[in-house]
Amino acid sequence: MDNKYRITKHQNELAVRITGNSQADLFVNSGLALFDVMADVDKIEVKERLPLEVEGADRDELIVNWLRELLYLYQGGGYLLKEFKITEVKDTIVKAEVCGEKSDPDRHEIKQEIATVAEHKSRMQKTGNQWVAQVIFEL
């Protein structure tokens with residue numbers, strides 16, 4: 001996972017800078033960053049595949065809503081995810097298949113609980129030939 005994301009901790013927030021070679025790549029890397037912060041993704045097995053469709057008013061809202069939806073799958077359904085297959089992405093919608101398994105306390109240690117993904121200061125943009133997102137995980 002070299003250089004796909006960088007974390008800066010500030011009080012009860014983690015500022016995460018995520019990069020990708022394409023917009024789809026950025027969504028994959030943001031999902032990996034979220035679950036890598038929470039748990040050891042190497043211990044997550046692909047046992048279930050879930051379709052996911054997320055919308056946003058613009059790019060900034062879309063990346064926040066995507067991460068909030070992934071977080072909800074963990075908080076509401078107990079899912080730990082490790083694979084993110086993006087099937088369609090535009091500025092206001094992302095469609096994907098997300099893969100992982102239900103959390104098993106015997107095998108999965110939760111390193112860091114994340115309360116939510118903050119909308120303030122979160123953004124996504126294309127810089128040159130790279131996509132970059134800055135998101136805030138509230139702890």
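**Aromatics and sheet**

User: How many aromatic pairs does a search of the whole structure find?
Analyst: Three aromatic pairs turn up. Phe, Tyr and Trp rings (six-membered ring for Trp) pair with centres within 6.5 Å; planes under 30 degrees apart are stacked, over 60 edge-to-face, the rest tilted. This is a predicted model: local features need pLDDT of at least 70, side-chain atom pairs count only at pLDDT 80 or more, and totals for chains, interfaces and linings use all residues. Numbering starts from 1 along each chain as its sequence is written, and side-chain values use heavy atoms, leaving out hydrogens and water.

User: What about Trp66 and Phe84, how are the rings set?
Analyst: Their centres are 6.4 Å apart with planes at 70°, so the pair is edge-to-face. Trp66 sits in helix 2 and Phe84 in strand 4, 18 residues apart. Helices (H or I, at least four residues) and strands (E, at least two) are DSSP runs, numbered from the N terminus.

User: Are Trp66 and Phe84 buried or exposed?
Analyst: Both are buried, i.e. under 20% relative accessible area; exposed is over 50%, partly exposed in between (1.4 Å probe, protein chains only).

User: Which residues form the aromatic cluster?
Analyst: Phe27, Phe35, Trp66 and Phe84.

User: Now the sheet. What is the strand order?
Analyst: The order is 1-2-7-6, an open sheet of four strands with antiparallel pairing. Strands pair if DSSP finds at least two bridges between them. Strand 1 and strand 6 are the edges.

User: How many bridges join strand 2 and strand 7?
Analyst: Eight bridges. Ala15 has Ile136 in strand 7 as its bridge partner.
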